[in-house]
Amino acid sequence: MDATFPADPRATETFEKVFGCAPQWGARVPGRVNVIGEHIDYNDGTVLPAAINRYLTVLAAPSEGSDELLVKSDLFPEGARLNLADIPSAQDLEPRWMRYVLGVVAGYQRLGVYVPGMQVWVESTIPVGSGLSSSAALEVAFATLFESASGKSLAPKQKALLCQRAEQEFAGVPCGIMDQFACVLSQKDHFLDIDCRTLEVAHIPFSDPDVTLLIANTGVSHDLATSEYAKRKRDCELALRRLGRTSWRAVTADILASASGLLEESLYRRARHVVTEIERAQTAVDAVRERSWEELGELMDASHQSLAEDYEVSCAELDHMVATGREIGLAGGVYGGRMTGGGFGGSTVWLIRTEAAETIMNRMDEGFEKRTGHVAELFVTRPMRGAQTLTFPETTAS
Ligand code: ADP
Ligand code: MG
């Protein structure tokens with residue numbers, strides 16, 4: 001059973017305006033930011049995300065006697081429909097965002113869980129396509145909704161895996177497990193340490209009030225992102241085969257260095273990112289446990305450099321943001337920071353001194369638009385809890 005949270009009366013009011021009835025079920029699911037361990041969730045590494053204080057919320061009411069799922073979203077007010085009694089294949093479904101929902105429906109139906117006809121309102125404060133995982137939040141929100149409506153709940157990890165499969169098979173994104181795990185399993189004031197090889201998780205306390213996470217979204221998304229992601233994934237599979245191993249966890253820096261002749265130069269650099277990032281992510285967990293913020297900052301800095309130079313998934317706007325953060329430096333309250341998410345745009349994540357947040361945000365914002373033509377979006381967050389079921393005043397009272 002998920003934790004519960006009272007529905008925002010303003011969202012309930014919107015629902016009533018849109019559908020002319022009161023919502024009966026609801027969920028809110030946070031986005032996430034990955035502190036360190038980038039592009040290694042699909043390479044057997046460990047990653048360290050935290051849920052953030054931006055949420056995707058769904059509210060729903062049953063459509064009596066109907067097998068239709070009618071979804072309206074603040075982003076896409078024209079809405080979308082799905083016949084639950086005869087679901088289409090993903091490539092036949094428009095609009096595209098509804099494919100994520102279809103994937104979740106199909107996942108529950110496959111398990112024999114009955115998803116009833118309903119009207120759903122979606123609203124979200126998670127920036128879309130910014131590496132903060134609005135897509136996983138959408139999937140997990142619908143999964144949570146279907147579990148409330150059907151009265152059948154999966155174990156949390158199973159629910160996350162169902163959502164990952166929805167994204168892979170129905171939205172066509174070859175994603176790892178990090179986003180869905182973070183959206184489901186995160187706990188307040190903890191980073192989520194996920195071992196992507198074994199799927200084991202540990203909750204690492206991050207509750208020192210003197211340090212905070214800052215997210216600086218460049219507001220840029222380059223078309224390259226999807227195709228290059230798939231390319232990196234294929235490159236890593238190829239490099240691993242050439243190295244004669246079945247898991248990147250078995251490849252140390254020494255093994256890689258001695259096998260450099262097996263890989264052409266760019267493939268070698270991809271491999272070097274994977275091997276060094278796996279090590280950084282593991283060291284970072286110890287740094288967080290020991291509250292060694294300077295060390296964690298340095299690891300984040302090194303991660304960015306590796307992503308930019310060896311893995312080549314950064315871009316000018318991300319690098320500009322990172323350069324500004326470096327200029328502010330420790331003296332100005334910045335321990336370290338890096339691009340986060342798939343890359344080619346999206347967001348950067350920073351470990352900063354809480355008291356300096358305002359000044360740091362002003363400095364990062366200053367001149368960014370003039371320099372890049374994009375408006376940056378900056379906010380601080382503490383690690384939040386994952387998916388929650390919404391309660392409504394009537395249900396709370398009973
Ligand atoms: P990210 O997960 O980093 O935000 P993705 O490209 O993985 O970026 O996912 C973004 C997609 O998720 C959108 O293009 C849309 O299809 C879907 N999505 C996200 N938020 C919403 C929303 N509020 N309503 C409808 N679809 C959404
Ligand atoms: Mg996504």
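Biologist: Is Arg110 buried, partly exposed or exposed?

Modeller: This is a predicted model, and the reading rests on relative accessible area: under 20% is buried, over 50% is exposed, and partly exposed lies in between. Arg110 has a relative accessible area of 43%, so this residue is partly exposed.

Biologist: With which residue does Arg110 form a salt bridge?

Modeller: A salt bridge requires a side-chain nitrogen of Lys or Arg within 4 Å of a carboxyl oxygen of Asp or Glu. The partner of Arg110 is Glu169, with the closest N and O atoms 4.0 Å apart. Because Arg110 belongs to helix α2 (residues 98-110) and Glu169 to helix α4 (residues 156-169), the pair ties together parts that are 59 residues apart in sequence. Glu169 is itself partly exposed, at 44% relative accessible area.

Biologist: How many salt bridges are found in the whole structure?

Modeller: The search finds 23. One of them joins the side chains of Arg338 and Glu38, at 2.7 Å from N to O. This pair links distant parts of the chain, 300 residues apart: Arg338 is in strand β11, and Glu38 is in the loop between β2 (25-34) and β3 (46-47).

Biologist: Are Arg338 and Glu38 buried or exposed?

Modeller: Both Arg338 and Glu38 are buried. For another case, consider Arg326 and Asp301, whose side chains meet in a salt bridge at 2.7 Å, N to O. Here the link runs from helix α10, which holds Arg326, to helix α9 (residues 293-309), which holds Asp301, and the two residues are 25 residues apart. Arg326 has 33% relative accessibility and therefore counts as partly exposed; Asp301, at 22%, is also partly exposed. Salt bridges can also share partners, and in this way Asp235, Glu265, Arg269, Arg270 and Glu312 are joined into one network.

Biologist: In what order do the strands of the open sheet lie?

Modeller: A sheet is read strand by strand, by asking which strands pair. The order of the 4 strands is β11-β12-β10-β13, with antiparallel pairing. The edges are formed by β11 (334-340) and β13 (377-381), each of which pairs on one side only. From one strand to the next, the twist averages 20°.

Biologist: Over how many bridges do β11 and β12 pair?

Modeller: Strand β12 (residues 345-353) and β11 pair in the antiparallel sense over 6 bridges. Within this region, Thr340 stands opposite Ser347 in β12.

Biologist: Which helices pack on the sheet?

Modeller: Helix α10 (residues 316-328) packs on the sheet and touches β10 (211-221), β11 and β12, its direction making about 10° with that of β12. Helix α11 (residues 357-365) also packs there, touching β10, β11, β12 and β13, and its direction makes about 160° with that of β13.

Biologist: Where is Arg232 placed, and what does its side chain reach?

Modeller: Arg232 is in helix α6 (residues 224-242). Because its relative accessibility is 4%, Arg232 counts as buried. The side chain of Arg232 reaches the backbone oxygen of Glu312 at 2.8 Å. Beyond its neighbours within four places in sequence, Arg232 is in contact with Tyr42, Arg270, Tyr311, Glu312, Val313 and Phe344.

Technical notes: Residues are numbered from 1 along each chain as its sequence is written. Chains are lettered from A and ligands numbered from 1 in the order in which they are written. This is a predicted model: local features need pLDDT of at least 70, side-chain atom pairs count only at pLDDT 80 or more; totals for chains, interfaces and linings use all residues. Side-chain values use heavy atoms; hydrogens and water are left out. Buried means under 20% relative accessible area, exposed over 50%, partly exposed in between (1.4 Å probe, protein chains only). A polar contact is a pair of N or O atoms within 3.5 Å; within protein, one must be able to donate a hydrogen and the other to accept it, and residues adjacent in sequence count only if both atoms are side-chain atoms. Contact means heavy atoms within 4.5 Å. Two strands pair if DSSP finds at least two bridges between them. Axes are lines fitted to C-alpha atoms, for helices over the stretch in contact, and angles run from 0 to 180 degrees between N-to-C directions.
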